[in-house]
Amino acid sequence: MKVIVNGEAQDVAAETLSELLVLMEYEGDRLATAVNGELVHREDRFNRSLNDNDRIEILSPMQGG
């Protein structure tokens with residue numbers, strides 16, 4: 001399926017947001033995720049199915065000063 005992740009087109013074999021995060025090697029709970037502009041909470045990632053052309057944003061906090 002084709003999706004757009006952080007502005008880049010990707011061809012992925014994931015059916016849920018949780019599967020996508022594993023495939024893309026995003027680790028840890030400290031992530032913010034959105035699908036088509038809608039925030040997806042951590043506990044809902046397993047149930048959030050993906051469709052062709054979904055726009056997914058994945059943000060990870062950075063440390064700095």
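The structure is a predicted model, in which local features need pLDDT of at least 70, side-chain atom pairs count only at pLDDT 80 or more, and totals for chains, interfaces and linings use all residues. Residues are numbered from 1 along each chain as its sequence is written, and side-chain values use heavy atoms, with hydrogens and water left out. The protein chain has one helix and five strands; helices (H or I, at least four residues) and strands (E, at least two) are DSSP runs, numbered from the N terminus.

**Overall fold**

- Along the sequence, the elements of the protein chain follow the pattern β-β-α-β-β-β.
- The radius of gyration of the protein chain is 11 Å, close to the 11 Å that the globule rule gives for 65 residues, so the chain is as compact as a globular protein of that length. This radius is taken over C-alpha atoms, and the globule rule is 2.2 Å times the number of residues to the power 0.38.
- The C-alpha trace of the protein chain spans about 40 × 25 × 20 Å along its principal axes.
- Of the 65 residues in the protein chain, 29% are buried. Buried means under 20% relative accessible area, exposed means over 50%, and partly exposed lies in between (1.4 Å probe, protein chains only).
- Among contacts (heavy atoms within 4.5 Å) between residues at least 6 apart in sequence, 53% join residues at least 24 apart.

**The sheet**

- Five strands form an open sheet with mixed pairing, in the order E2-E1-E5-E3-E4. Its edge strands are E2 (8–11) and E4 (38–40), each of which pairs on one side only. From one strand to the next, the twist averages 30°; axes are lines fitted to C-alpha atoms, for helices over the stretch in contact, and angles run from 0 to 180 degrees between N-to-C directions.
- Strands of a sheet pair through backbone hydrogen bonds, either parallel or antiparallel. Here, two strands count as paired if DSSP finds at least two bridges between them.
- Strands E1 (residues 2–5) and E5 (residues 55–59) run parallel and are joined by two bridges. Ile4 stands opposite Arg55 in E5.
- Strands E3 and E5 run antiparallel and are joined by four bridges. The bridge partner of Ala32 in E5 is Leu59.
- Strands E3 and E4 pair in the antiparallel sense over three bridges, and Ala34 has Leu39 in E4 as its bridge partner.

**The nonpolar core**

- The largest nonpolar core has 13 residues, of which Val5, Leu17, Leu20, Val35, Leu50, Ile56 and Ile58 touch the most other members. Such a core is a set of buried Ala, Val, Leu, Ile, Met, Phe, Trp, Tyr and Cys residues joined through side-chain atoms within 4.5 Å.
- Two or more residues of this core come from each of E1, helix H1 (17–23) and E5. Helix H1 gives the most, with three residues.
- Leu20 touches Val5, Val12, Ala14, Leu50 and Ile56, not counting residues up to four places away in sequence.
- In soluble globular proteins, nonpolar side chains tend to be buried together.

**Thr33 in strand E3**

- Thr33 lies in strand E3 (residues 32–35) and counts as buried because its relative accessibility is 1%.
- The side chains of Thr33 and Arg45 make a polar contact (3.3 Å). A polar contact is a pair of N or O atoms within 3.5 Å; within protein, one must be able to donate a hydrogen and the other to accept it, and residues adjacent in sequence count only if both atoms are side-chain atoms.
- Not counting residues up to four places away in sequence, Thr33 touches Leu17, Leu21, Glu38, Leu39, Val40, Arg45 and Glu57.

- Most residues other than glycine have a negative phi, and most peptide bonds are trans.
- Asn36 has a positive phi of about 55° although it is not a glycine. Asn36 sits in the turn of the hairpin that E3 and E4 form, with two residues between these strands.
- Asn36 is partly exposed, with a relative accessible area of 44%, and its side chain makes a polar contact with the side chain of Asp54 (2.9 Å).
- Asn53, in the loop between E4 and E5, has a positive phi near 70°. Asn53 counts as exposed, at 57% relative accessibility.
- Asn36 and Asn53 are 17 residues apart in sequence and 9.3 Å apart in space, C-alpha to C-alpha.
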